[in-house]
Structures are given as structure tokens and as C-alpha cells.
Amino acid sequence: MVAVLPGIVSAGYRGLMRSHSMDGMLEEAIRLLNLGDLDLAEHLLRQILRQDARMAPALTLSGVIAYMRGGSEAAIELINRALAINPDDPVAYVTCGQAYRALGNLPAAELNLRNALRLEPGRYDAHLNLALTLWSAGEHARAATYFKNVLLLEKQSFQASFYLAQIHQEDGEFSKAEE
């Protein structure tokens, strides 16, 4: 599972918050999520959603937690609700793409990850997850493009380097596979 949390608190999320108390609760939920305390973060998110069931960031983060716990179908349902409210959230698209890939729905995964890249072209986790999705679909040549993008964004990505080496070996480019 690839982490989706770095940078999750963006100016966009803060701008969508409705009140100071909910603002503080959401930021605390994000802090707890980043610390790995899923139970308490989920508890805070449920409190927020009881006050405002249409708060897109809380729905997205609830979907992130569902995905982290292996609940891909629940994650998709929560995130699709968030995207119906705010269709401009790359975090939501990345997590939804990961959940669809986990369920084996590779076309839906690809669509969501491309939407994330449309909104934020330099998003590392979107490039990596799109590459992994294309790899899973057997489209290794297309995946190579996104693995290369990952390495441009994060030169030390073991995952991208590993898969690119596999692709180069498949293509008989052994000198490139050793790089």
C-alpha cells in the first residue's frame, strides 16, 4: 500500500472547512492520521460528519482510513461522495484509484489517477500508482513513462527503479536495467 498522507493538509482543505471548531477537529484528525492513530482520527471525522455530512475533506479522509484498513469498497463510496461535493481534490482521486486497483478494477483506477494528475501534474503518488496500475494491466511500456516520472520527482524511489529494471530486462535492454 502506498502512503497518501504527505501534504494532505492543503490550503484547499483549509478553505473548505466551515467553522473554527471543525477546522481544529479536522487538523487534529489529520495529525492523528499521520501519527498512525486511525481509531481516534476516525472518531474525530465521524464527529465532524455528524455536524456536516457534506464536508468533503472529512469524507475523503474517512475514505483514506477505510482504504488503509483494507476496506476498498467503503473507501470508494466515501470518496465518491466527497468528489460529488468537491471534484477538484487530487488526494481523493489518488486514494480512489488505489482502492479501485486493489479491487482489480484497473480502468476505474486509471481514470481516477489521471484525474489526480490533471489537477496536480507533479503529484508523486499519482504517477507511482498510475504506473503500478498500468503494470498490473500488463501495459509495461506505458507504465515505464510514469515510473520515469516518479524518478524525476523522487530519484531514490526503489519501487520505480525496480519496475523500470524489469521493463528494461523484458525489452532486452540489459545495460539500462543495471542503471
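Contact is taken here to mean heavy atoms within 4.5 Å. The structure under discussion is a predicted model. Its protein chain holds 11 helices and zero strands, and from the N terminus on the elements run α-α-α-α-α-α-α-α-α-α-α. Of the 179 residues of the protein chain, 50% count as buried. Among contacts between residues at least 6 apart in sequence, 50% join residues at least 24 apart.

Residue S62 lies in helix α4, which comprises residues 56–68. With the limit for burial set at under 20% relative accessible area, S62 counts as buried because its relative accessibility is 11%. When neighbours within four places in sequence are left aside, S62 is in contact with L45, L49 and L78.

Helix α3 spans residues 38–51 and has 14 residues. The distance from its first C-alpha to its last is 20 Å, close to the 20 Å expected at 1.5 Å a residue. An α-helix has 3.6 residues a turn, so residues three or four places apart point the same way.

The buried residues in α7 are L106, A108, A109, E110, N112, L113, N115, A116 and L117. They pack against α5 (72–85), α6 (90–102), α8 and α9 (140–153).

Helix α8 (residues 124–136) also packs with helix α10 (residues 158–170). Two packed helices are described by the angle between their axes and the distance between the axes. For α8 and α10, the angle is about 35° and the axes are 11 Å apart. The crossing of the two helices is left-handed. On the α8 side, the contact is made by L128, L132 and W135, while α10 contributes Q159, Y163, Q166, I167 and E170. By class, this contact of α8 with α10 has five nonpolar, two polar and one charged residues.

Definitions and conventions
Residues are numbered from 1 along each chain as its sequence is written. This is a predicted model: local features need pLDDT of at least 70, side-chain atom pairs count only at pLDDT 80 or more; totals for chains, interfaces and linings use all residues. Side-chain values use heavy atoms; hydrogens and water are left out. Axes are lines fitted to C-alpha atoms, for helices over the stretch in contact, and angles run from 0 to 180 degrees between N-to-C directions. Helices (H or I, at least four residues) and strands (E, at least two) are DSSP runs, numbered from the N terminus. A crossing is left-handed if the near helix is turned anticlockwise from the far one by less than a right angle, and right-handed if clockwise. Ala, Val, Leu, Ile, Met, Phe, Trp, Tyr, Cys and Pro count as nonpolar, Asp, Glu, Lys and Arg as charged, and the others, Gly among them, as polar. The expected span of a helix is 1.5 Å times one less than its number of residues. Buried means under 20% relative accessible area, exposed over 50%, partly exposed in between (1.4 Å probe, protein chains only).
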